[in-house]
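Have a look at the chain below, then read on.

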Amino acid sequence: MSESRTLLVTNDFPPRPGGIQSFVHGLAVRQPPGSVVVYASRWRGAEEFDAAQPFTVVRENTRVLLPTPLVARRAARLAREYDCDTVWFGAAARSGCSPRGCGDGPGSVGWWHRPTGMRPAGRPCPVPGPRCIASAGPST
């Protein structure tokens, strides 16, 4: 792999309205072109919104993207398919991945950290291979 690529797994992504959605989108669009693939829930207007993004967006056919085995398998498949070396869980507290339950470090892990060995909700990373990053949002 010549450059790093991140799979962003999030339930909170535009065009669904909200502050977390805007925050996660803002971080995604600031990444280098081709370095992000978003895996998110479906929302009305998503097709038009996704087509205008500078990155690939893959939507699960659900309004709420929950941390189920099906979602973990799909995320793992997408990480392999797009050659992602990092999986970022946007708005992690809502997706079942809280900073206190992640990683080996202190409970203050936030979106600006890129530690290795992150673990969603105290379980092994559901996407084997890439490193996992928990993102609790802008206030942590």
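Which residues does H25 touch, not counting residues up to four places away in sequence? They are F13, P14, F49, Q53 and F55, where a contact means heavy atoms within 4.5 Å. H25 sits in helix α1 (residues 19-29), and H25 is buried, with a relative accessible area of 18%. Buried here means under 20% relative accessible area, with a 1.4 Å probe and protein chains only.

A word on where this comes from: it's a predicted model, in which local features need pLDDT of at least 70, side-chain atom pairs count only at pLDDT 80 or more, and totals for chains, interfaces and linings use all residues. Residues are numbered from 1 along each chain as its sequence is written, and side-chain values use heavy atoms, leaving out hydrogens and water.

Zooming out, the chain has 3 helices and 5 strands, in the order β-α-β-α-β-α-β-β along the sequence. Helices (H or I, at least four residues) and strands (E, at least two) are DSSP runs, numbered from the N terminus. Of the 140 residues, 47% are buried.

Three of these elements go together:

| Element | Residues |
|---|---|
| strand β2 | residues 36-41 |
| helix α2 | residues 46-51 |
| strand β3 | residues 56-60 |

Together they make a right-handed β-α-β unit: with the strands pointing away from the viewer, the path from the first strand over the helix to the second runs clockwise. β2 and β3 pair in the parallel sense over 5 bridges (pairing takes at least two DSSP bridges), and Y39 stands opposite V58 in β3. In β3, 4 of the 5 residues are buried, so the strand is largely enclosed by the rest of the structure.

Note on methods: Buried < 20%, exposed > 50% of the residue type's maximum accessible area, 1.4 Å probe, protein only.
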